[in-house]
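Subject: Structure handover

Hello,

Please find the structure below.

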Amino acid sequence: MTPMIFSAGILLYRRAPAASGGPGSLEVWLGHMGGPFWARKDEHAWSIPKGEYLPSEDPLAAALREFGEEMGMPAPEADYVLLGTFRQSAKKTITVFTAETDFSPERILSNTFALEWPPGSGAVREYPEIDDAGWFSESAARTRIVKGQLQVLDALKVRLDGFR
């Protein structure tokens with residue numbers, strides 16, 4: 001039996017300015033997954049900044065660490081709250097923390113991973129874990145985020161709708 005993989009991440013959100021003076025539309029911060037498999041994909045090729053952690057680690061500390069590694073800078077100072085733990089696949093769960101903030105880095109400088117590409121070629125190259133990142137409206141995020149994380153967007157929407 002394959003052991004469960006634990007992952008932790010951060011979903012930042014903000015409200016875009018509203019033209020009519022009411023509450024603005026929801027936007028979320030997502031990163032585009034790096035490497036040759038995702039290079040020419042946009043739909044369902046984006047993710048919240050996240051990474052694996054050991055069961056003995058604090059999930060929030062792991063989420064903050066992974067955000068820093070994938071964005072190339074620390075997560076913004078904010079009041080992070082637990083959004084929930086979600087089964088992303090049969091073998092993986094993701095614990096997600098969320099915060100409202102207007103994060104605006106000048107650039108993204110992700111850590112890298114080594115990969116033999118093309119497979120079987122013997123050529124090993126380094127690729128960034130995240131090769132782009134940005135703010136997306138809720139509707140745009142739903143077409144871009146990996147399908148296993150759609151439930152995270154749903155949970156954020158429920159949480160925010162409950163606080164109105």
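Is arginine 142 buried, partly exposed or exposed? Arginine 142 has a relative accessibility of 26%, so it counts as partly exposed; the classes are buried under 20% relative accessible area, exposed over 50% and partly exposed in between, with a 1.4 Å probe and protein chains only.

On provenance: this is a predicted model, in which local features need pLDDT of at least 70, side-chain atom pairs count only at pLDDT 80 or more, and totals for chains, interfaces and linings use all residues. Residues are numbered from 1 along each chain as its sequence is written, and side-chain values use heavy atoms, with hydrogens and water left out.

Salt bridges

Side chains of opposite charge can pair when their charged atoms come close. With a salt bridge taken as a side-chain nitrogen of Lys or Arg within 4 Å of a carboxyl oxygen of Asp or Glu, the count is 9.

Glutamate 138 and arginine 142 form one of them, with 3.2 Å between the closest N and O atoms. The two are 4 residues apart in helix α2 (residues 138-144), which means a separation of about one helical turn. Helices here are DSSP runs of H or I with at least four residues, strands are runs of E with at least two, and both are numbered from the N terminus. Glutamate 138 is buried, at 18% relative accessibility.

In helix α3 (residues 150-161), lysine 157 and aspartate 161 are also 4 residues apart, or about one helical turn. Their side chains form a salt bridge at 3.7 Å, N to O. Lysine 157 is partly exposed at 25%, and aspartate 161 is partly exposed at 37%.

Both pairs belong to a salt-bridge network that links Glu138, Arg142, Asp154, Lys157 and Asp161.

Arginine 65 and glutamate 66 form another salt bridge, with the closest N and O atoms 3.2 Å apart. Arginine 65 is partly exposed at 31%, while glutamate 66 is buried at 8%.

Serine 47

Serine 47 lies in strand β3 (residues 46-47) and is buried, with 2% relative accessible area. Its side chain makes a polar contact of 3.0 Å with the side chain of glutamine 149. A polar contact is a pair of N or O atoms within 3.5 Å; within protein, one must be able to donate a hydrogen and the other to accept it, and residues adjacent in sequence count only if both atoms are side-chain atoms. Beyond its neighbours within four places in sequence, serine 47 is in contact (heavy atoms within 4.5 Å) with Leu30, Gly31, Met33 and Gln149.

Regards
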